[in-house]
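The sequence and the structure are shown first, and the contacts follow.

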Amino acid sequence: MKRFSEQLHKEAQKSVKLQAAERDELRERLVSYMEYHPLPAAMKASKQKQIMPESLKTEAFATFSIPFSAIFKSSAFAAVVLLVVVPMMAEKAVPGDTLYAIKVQTEELRSTLTFDGYQKVEWETERLNRRIAEARLLASEGRLTEEVEAEVAEAVRTHSENAKREIAELSTEDADEATLATIALDTTLEAQSTAYKGEEDAAGADEAIAKPVNLIAAALDESRTAPAASSSLPAYDKLMARVEINTTRVYELLSSLREVAPEEQLTDVVRRIEDLERTIKAATIERENDETVAREHLVDALQRTQKLIVYMTEIEVVETVDIETLVPVVLTEEEEVAQIEAWTVEVAALQVEIDTLAELVTTEAVLEKVAVASSTLGELSEQMASSTEEYSSFKRYATEALALGADTIALLERELGSIELPPLEEDKATTTDEVASSTEKVIIEEEIATGTEPVVVEETATGTAISSEETTVDTEV
């Protein structure tokens, strides 16, 4: 019997199962029974005491809340400081400053994140300008040491080589883009080299000023020796697009400089922009006749915009280099005619002044030098007269004549010492009056001696005058 009950129980566990509906119904009945037959209050209290006896002791503990919001805000602020504020502060750093290493590392990071070939060339060119600007700033403050000078010269070579390497890679993909990049790099190197040569000329024989310039200037000249990526001109549309990009950049810089730059510098910049607009307009018109000539105009405009950008973006360049050195003015036809007349008069005045001063010099060696200079000046004057139709040739002759005339006058003045000469025009007027008076006196004396028509001689403020009134004169007397 016992064994039968066990077997029945096992079989019931295996085979007897409630369906879902039966389970739900059974659950509802149990819940209803519990609701209508709750436990007595005494049994509830006794149950609670059994669950939580008074003798149960627990260890003391504390809860902590992690301020995730505050941590996130602090991390974001620290990231902004490290990634934005510090690099911005480092932009003004120069070699020797604490933040200069951060500035260089930020530049390297930007170079790594730049993928376009032309943009890489532009960025390396800008880095080259930055190094030169830093050297100029240190030189103006007397802090440019030989070590820093050598570092800047090496940086110029490094950035130039990086740009040339990118141009070489770009030439295999797009020859026009490579040529445009070469124009931008070479123009920048030319502008910086011209600026340094201008500083050397201004320094003169002062070796303390000229020496810091030499290494950097030599590095610039070395970097300019590489040939261009292509000997052909880029397509007209690509040239025009690049000129428009540079022109837009020039206008942006002009807008930012209006509040900080002197009015005179702004006027000079505006004049160069007007020259560029005329060149671009001429290229647009010329395209209908000869697209090659139009592209040459655009290349010239691209080079001038690049130089103007260098001038406007580098504050140190603005302070030490005249804009005429980097971006000469392009004169209109009316301005060229006026300039030709002005230079012609100036050269003639120099020749007259040289002849006047030479009459007062007695040293044979000096007179021989002056004679050679006067002869050369006469030849240059003839060349100027024969080249008035071609302004560039006339300018070259006039510049040489003015420089030669100024040097000759300086030589004569140095020989004469502190002798002060009367004004040249007054001398001419006095001599003319004296000659006229002497001639009139001779004529009067001859008339009196020969008994011809008598005249009356009057002394006036401008010299001797002959009256037209008749007067009787006895020839015998």
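With which residue does Arg278 form a salt bridge, and how far apart are the closest N and O atoms? The partner of Arg278 is Asp275, and the closest N and O atoms are 2.3 Å apart. A salt bridge here is a side-chain nitrogen of Lys or Arg within 4 Å of a carboxyl oxygen of Asp or Glu.

The model is predicted: local features need pLDDT of at least 70, side-chain atom pairs count only at pLDDT 80 or more, and totals for chains, interfaces and linings use all residues. Residues are numbered from 1 along each chain as its sequence is written, and side-chain values use heavy atoms, with hydrogens and water left out.

**Salt bridges**

Under the stated rule, the count of salt bridges is 22. Three of them are listed below.

| Pair | N to O distance |
|---|---|
| Arg278 and Asp275 | 2.3 Å |
| Arg271 and Glu335 | 2.8 Å |
| Glu124 and Arg127 | 4.0 Å |

Arg278 and Asp275 both belong to helix 11, three residues apart, which is about one turn of the helix. Helices are DSSP runs (H or I, at least four residues), numbered from the N terminus. Asp275 is buried at a relative accessible area of 2%, whereas Arg278 is partly exposed at 35%. Buried means under 20% relative accessible area, exposed over 50% and partly exposed in between, with a 1.4 Å probe and protein chains only.

The bridge between Arg271 and Glu335 links distant parts of the chain: Arg271 lies in helix 11 (residues 263–286) and Glu335 in helix 15 (residues 333–358), 64 residues apart. Glu335 is partly exposed, with 30% relative accessibility.

Glu124 and Arg127 are three residues apart in helix 6, and therefore about one helical turn separates them. Glu124 is buried at 6% relative accessible area, and Arg127 is buried at 3%.

**Aromatic contacts**

The whole structure contains two aromatic pairs. Rings of Phe, Tyr and Trp (its six-membered ring) pair if their centres lie within 6.5 Å; planes under 30 degrees apart count as stacked, over 60 as edge-to-face and the rest as tilted. Trp343 is buried at 13% relative accessibility, as is Tyr391 at 15%.

Trp343 also stacks with Phe394, at 6.3 Å centre to centre and 25° between the planes. Because Trp343 lies in helix 15 and Phe394 in helix 17, this pair ties together parts that are 51 residues apart in sequence. Phe394 is buried, with 0% relative accessibility. Trp343, Tyr391 and Phe394 form one aromatic cluster.

**Enclosed space**

One cavity of 30 Å³ or more is counted. A cavity is a set of points on a 1 Å grid over the protein atoms alone where a 1.4 Å probe fits but cannot get out; lining residues have an atom within 4 Å of a point. Grid points are joined across faces, edges and corners, and a volume is the space filled by probe spheres set on the points. The largest cavity has a volume of about 40 Å³. Its lining consists of Tyr118, Glu122, Ala184, Arg242, Asn246, Leu302 and Gln306. Helix 6 (117–140), helix 10 (236–257) and helix 12 (291–313) each supply at least two of the lining residues.

Terms used: On a 1 Å grid over the protein atoms alone, a cavity is a set of points where a 1.4 Å probe fits but cannot get out, and a pocket is an open set with protein on both sides within 12 Å along at least five of seven lines; lining residues have an atom within 4 Å of a point.
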